[in-house]
Amino acid sequence: MQTSLEDLVTDTIEAVGVATPNLAAAQTDGSAKGKPQARRSRVSNEDRRFKVFSGTANRGLAEEICKHIGVTLGETRMTRFADGEVYFQLLENVRGADVFVVQPTCWPVDQHLMELLIMIDALKRASAGRITVVVPYYGYARQDRKDRPRVAISSKLVADLMTTAGAHRALFMDLHAAQIQGFFNIPVDHLFASPVMIGYFRELNLPDLTVVSPDAGGVERARFIATKLGVPMAIVDKRRTDLNVTEVMNVIGDVKGRTCLIVDDIIDTGGTLVKTVDTLLEKGATRVYAGASHPVLSGEAVERIANSRLAQLVVTDSIPLREEAQGLKESGKIKVLSVAGLLGAAILSIHMETSVSSLFS
């Protein structure tokens, strides 16, 4: 797995986007018993059994994915009744088709989750051959265990809802906890935005760089990026005092006189990020950058980041950037990288029934 992901990182840096699978090889490959494989069209936009649909959560990303894989985004009708109920209708035939539904469950989480479930149900009742949910950001992922008495494991509930609605397969990116894959009784592919992030920071060529994990849970992610960039790593020891409230305690590792890169999966309220930046600068760091896959940016996050001493926050387009954060994007304090190529390559691999292992570890 490690070697495959390393090859992917190299390919990502050499080109804008991710290389797509070898379609010709997938068509000529036969099974062990000599039976011919089911043939797929070599040109994706001519394959009427290959369809991609999108909800309202991140239609822009879905359109970019379709450009990468050469298909037209499916036509649908999504409206709401006066009381807020979702009305969804497919405007094209999907009988027997291999269908992919792109819908991150970002803010407003419950609304977008309900849209996704209704879309899955409509596809199931329209006799779609296979339904794959493509969820770049998985809402409720942080509620993955009972950390206090009498609380729900909401991420398991969401997994059950998707499966019960009729999903046959799921594709995620940078889950908050990798073990969430085990909540599903259907095949799950888990991608990482690391290749895109690594390519960007290599181009920046930051001097005396140290990769920093903001907590113990992110050490594996930080270690992988530090190894690929060939730089040392540090860890911030933090104590969470309440929901969305953290108190930074200590820094493990030498950051004095160095440029620091904080890597995380989610930037939510921004409180932890800003406290980590201040702590690193107090410990002697010269500049601090941050990279995160999902820019949730809820509450006062945008204001906190704008007023912080953070040099730049690098995120992906797994979810749309909040409107109030657009000013920071224009000023360069927030940089948005596209993961459409990465997701597109995974979707095409799943459709062609070729290996997806080179896209995740």
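Modeller: Start with strand 6 (residues 169-173). Four of its five residues are buried, so strand 6 is largely enclosed by the rest of the structure.

Colleague: What is this model, and how are residues numbered?

Modeller: The model is predicted: local features need pLDDT of at least 70, side-chain atom pairs count only at pLDDT 80 or more, and totals for chains, interfaces and linings use all residues. Residues are numbered from 1 along each chain as its sequence is written, and side-chain values use heavy atoms, with hydrogens and water left out.

Colleague: What makes a residue buried?

Modeller: Buried means under 20% relative accessible area, exposed means over 50%, and partly exposed is in between, with a 1.4 Å probe and protein chains only. By that label, 52% of the 361 residues in the protein are buried.

Colleague: What do strand 5, helix 5 and strand 6 make?

Modeller: A right-handed β-α-β unit, with helix 5 at residues 154-165. Right-handed means that, with the strands pointing away from the viewer, the path from the first strand over the helix to the second runs clockwise.

Colleague: Why is the pair Tyr138 and Phe184 called edge-to-face?

Modeller: Rings of Phe, Tyr and Trp (its six-membered ring) pair if their centres lie within 6.5 Å; planes under 30 degrees apart are stacked, over 60 edge-to-face, the rest tilted. The whole structure holds six aromatic pairs. Tyr138 and Phe184 are 6.2 Å centre to centre with 65° between the planes, an edge-to-face pair. The pair links distant parts of the chain, 46 residues apart: Tyr138 is in the loop between strand 5 and helix 5, Phe184 in the loop between strand 6 and strand 7. Tyr138 is buried at 3%, and Phe184 is buried at 6%.

Colleague: How do you know that Tyr200 and Phe201 are edge-to-face?

Modeller: Their ring centres are 5.4 Å apart and their planes stand at 75°, so the label is edge-to-face. Tyr200 has 13% relative accessibility and counts as buried. Phe201 is buried too, at 5%.

Colleague: What makes helix 6 mostly covered?

Modeller: Eight of the 11 residues of helix 6 (residues 194-204) are buried. Among them are Pro195, Met197, Tyr200 and Phe201. Asn205 follows helix 6, with a positive phi near 55°.

Colleague: Why is the contact of Glu63 and Arg59 called a salt bridge?

Modeller: A salt bridge is a side-chain nitrogen of Lys or Arg within 4 Å of a carboxyl oxygen of Asp or Glu. Glu63 and Arg59 meet at 3.5 Å, N to O. Both lie in helix 3 (residues 59-69), four residues apart, about one turn of the helix. Glu63 is partly exposed at 37%, and Arg59 is partly exposed at 38%.

Colleague: What does the pair of Asp264 and Arg221 tie together?

Modeller: Their closest N and O atoms are 4.0 Å apart, and the pair forms a salt bridge. Asp264 is in strand 11 (residues 259-267) and Arg221 in helix 7 (residues 219-229), so the pair ties together parts 43 residues apart in sequence. Asp264 is buried, with a relative accessible area of 15%.

Colleague: How far from Asp317 is the nearest side chain of opposite charge?

Modeller: Lys and Arg count as positive, Asp and Glu as negative; His and the chain ends are not counted. For Asp317, that nearest side chain is Lys329, 8.5 Å away. Asp317 is buried yet has no salt bridge. Asp317 lies in the loop between strand 13 (312-316) and helix 10 (326-331).

Methods:
Helix = DSSP H or I, 4+ residues; strand = E, 2+ residues; numbered from the N terminus.
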